[in-house]
Amino acid sequence: MTFSVHGIPVARGVAIGRAVIVASSRLDVAHYFITSDQVESEIDRVRAGRNAVVDELQRLQQEMPKDAPHELAALLDVHLMLLQDEALTSGVKHWIRDRLYNAEWALTTQFEVISRQFDEMEDEYLRERKADLEQVVERVLRRMLGAASPVVAPPVRHKRQQDLLLDDTLDVPLVLVAHDLSPADMLQFKQSVFAGFVTDVGGKTSHTAIVARSMDIPAVVGARSASQLIRQDDWIIIDGDAGVVIVDPSPIILAEYGFRQRQGELERERLSRLRNTAAITLDGQRIELLANIEMPDDTLPALKVGAVGVGLFRSEFLFMGRHGRLPDEEEQYQAYRRAVEGMQGLPVTIRTVDVGADKPLDDAHHDDAHLNPALGLRAIRWSLADPAMFLTQLRAILRAAAHGQVNLLIPMLAHGSEIRQTLSLIDHARVQLDNQGMVYGPLKLGAMIEIPAAALTLKLFLKYFDFLSIGTNDLIQYTLAIDRADESVAHLYDPLHPAVLRLVADTIAECNAQGKGVSVCGEMAGDTALTRLLLGLGLRSFSMHPAQILAVKQEVLRADTGKLRPWAQTVLEADEPASVLAR
Ligand code: PEP
Ligand code: MG
């Protein structure tokens with residue numbers, strides 16, 4: 001039966017495919033596709049994990065004191081029975097053999113399938129066995145994770161895998177549905193085959209949404225209980241424009257969305273012709289359209305759409321999902337250098353690491369212990385708290401600057417003391433490199449304006465920095481006191497709130513007045529509904545995901561900044577800027 005689930009649209013377009021549910025687990029489980037020659041060893045891994053747990057439970061049974069409560073023995077019996085149940089073992093093999101899921105993914109997927117069957121049972125006693133199943137599955141997962149860690153193959157579906165899947169699923173695209181995906185998970189999925197994403201939690205500018213957008217595939221976040229309502233293999237449509245997920249669509253609905261999907265493809269094709277067109281407004285203003293990237297290889301799509309540089313390299317993605325082993329200076333240097341060389345002489349702005357809040361290093365470092373991670377040890381605060389780690393990154397960036405034009409960007413600054421400490425560490429990194437006889441290059445220094453305190457003390461920032469970059473994602477979050485990753489307050493997350501616009505407008509105006517560079521690198525820069533407004537406020541440099549550049553360029557080509565300037569002032573002065581903008 002057709003039904004729909006509503007969420008927050010984060011990446012445009014339509015995706016139609018079969019649902020792949022990534023079950024949430026309390027354990028940090030990797031999800032990736034294996035190759036067909038790894039099938040047997042993956043099945044062996046699950047078997048070994050399960051046998052170890054069976055042994056453990058049997059030992060417990062044998063060693064149980066005579067006077068132990070009868071329920072305890074009965075419980076162990078139940079656990080053993082569940083572990084050896086055919087539905088679990090054959091299901092897991094199916095996901096590994098037919099879908100090429102890695103062992104842990106197969107196990108959690110089959111757990112999800114069986115637990116739904118439990119949910120539907122009339123008998124309360126049986127229904128409650130779901131918790132037991134969860135416990136034994138977690139035991140097995142723990143055993144598997146404790147054993148030699150699996151080779152982490154990238155989740156790319158190889159040709160052979162595609163053939164296998166064709167037999168099974170008749171060449172249908174796969175759409176990922178999860179309760180939540182960490183930014184590190186998303187990065188893993190970045191080169192994967194998924195045609196779209198749906199998550200239960202998250203807001204429009206949560207980092208998971210940002211990575212989904214950078215993949216340029218339709219995505220809906222904050223869809224509440226989507227991962228509960230949608231079942232493995234259900235046909236679903238993701239409408240990334242409206243934020244709607246349609247489950248089990250009728251043929252008429254399918255045809256309608258198929259049509260819209262083709263329209264979208266035609267529109268992309270049309271936009272791709274603008275790749276080599278200079279971004280100049282009708283009144284002759286040259287506008288800089290830069291790319292936001294997460295990994296060095298993202299320079300390729302950036303160049304493909306004609307980006308004139310990288311305005312934001314979120315270096316923290318090099319640090320994530322590494323289970324505490326951070327990249328050393330050499331590894332970072334090679335990564336930054338690859339990005340710099342990848343841009344073929346165009347400037348690359350590397351932001352120092354910004355972890356914390358909704359970007360944990362990995363699940364083990366998730367900042368649950370702190371009540372308010374977004375207000376805690378994040379970004380530059382994290383870097384200044386660990387000078388050795390920060391100096392390592394600074395040296396790597398300075399060395400990469402010998403290979404091209406590099407700008408260094410510092411996130412989340414608010415205090416003069418933080419600015420001075422940061423600058424003195426940059427000097428110190430230079431001295432360290434001098435002492436080692438290492439070659440390094442010149443850097444332009446920039447600060448992110450993403451805390452209202454920074455936007456209100458611009459003179460201080462302009463005294464020390466060559467350029468500013470407005471991080472509207474956080475600036476909105478901190479100005480309006482709205483957690484950017486919390487779907488329950490997403491309706492209040494408003495880029496057009498007069499206070500937000502005032503801070504953005506003043507920052508642009510002050511930089512322009514002092515002849516300093518200023519750009520916007522938050523999601524506002526890539527939103528075509530806001531391009532004219534930002535141009536009217538005097539912005540000439542926009543940094544966004546490569547996927548958004550051509551649509552923004554189209555807006556630029558149609559704009560006349562002379563006419564937009566007075567209009568932008570009326571938007572800025574309005575009580576309800578959104579209604580003026582809509583006119
Ligand atoms: C921002 O806050 O707008 C920004 C660009 O940084 P991030 O989204 O990585 O926090
Ligand atoms: Mg930010």
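Mentor: The charged end of Arg 399 sits over the ring of Tyr 333, 4.0 Å from the ring centre, where sitting over a ring requires NZ of Lys or CZ of Arg within 6 Å of the centre and within 35 degrees of the ring normal. This is a predicted model, in which local features need pLDDT of at least 70 and side-chain atom pairs count only at pLDDT 80 or more, whereas totals for chains, interfaces and linings use all residues. Side-chain values use heavy atoms, without hydrogens and water, and residues are numbered from 1 along each chain as its sequence is written.

Trainee: Over which ring does the charged end of Arg 532 sit?

Mentor: The charged end of Arg 532 sits over the ring of Trp 567, 4.9 Å from its centre.

Trainee: Why is the pair of Tyr 101 and Trp 105 called stacked?

Mentor: Rings of Phe, Tyr and Trp (its six-membered ring) pair if their centres lie within 6.5 Å, and planes under 30 degrees apart count as stacked, over 60 as edge-to-face and the rest as tilted. The rings of Tyr 101 and Trp 105 have centres 3.9 Å apart and planes at 5 degrees, so this pair is stacked. Both Tyr 101 and Trp 105 are buried, that is, under 20% relative accessible area with a 1.4 Å probe and protein chains only.

Trainee: Which residues do ring pairs link into a cluster with these two?

Mentor: The cluster links Phe 33, Trp 95, Tyr 101, Trp 105, Phe 194 and Phe 197.

Trainee: What does Phe 542 touch?

Mentor: Counting heavy atoms within 4.5 Å as contact, Phe 542 touches residues including Ile 287, Leu 290, Val 520 and Leu 535.

Terms used. Chains lettered and ligands numbered in written order. Buried < 20%, exposed > 50% of the residue type's maximum accessible area, 1.4 Å probe, protein only. Lists of a residue's contacts leave out its neighbours within four places in sequence.
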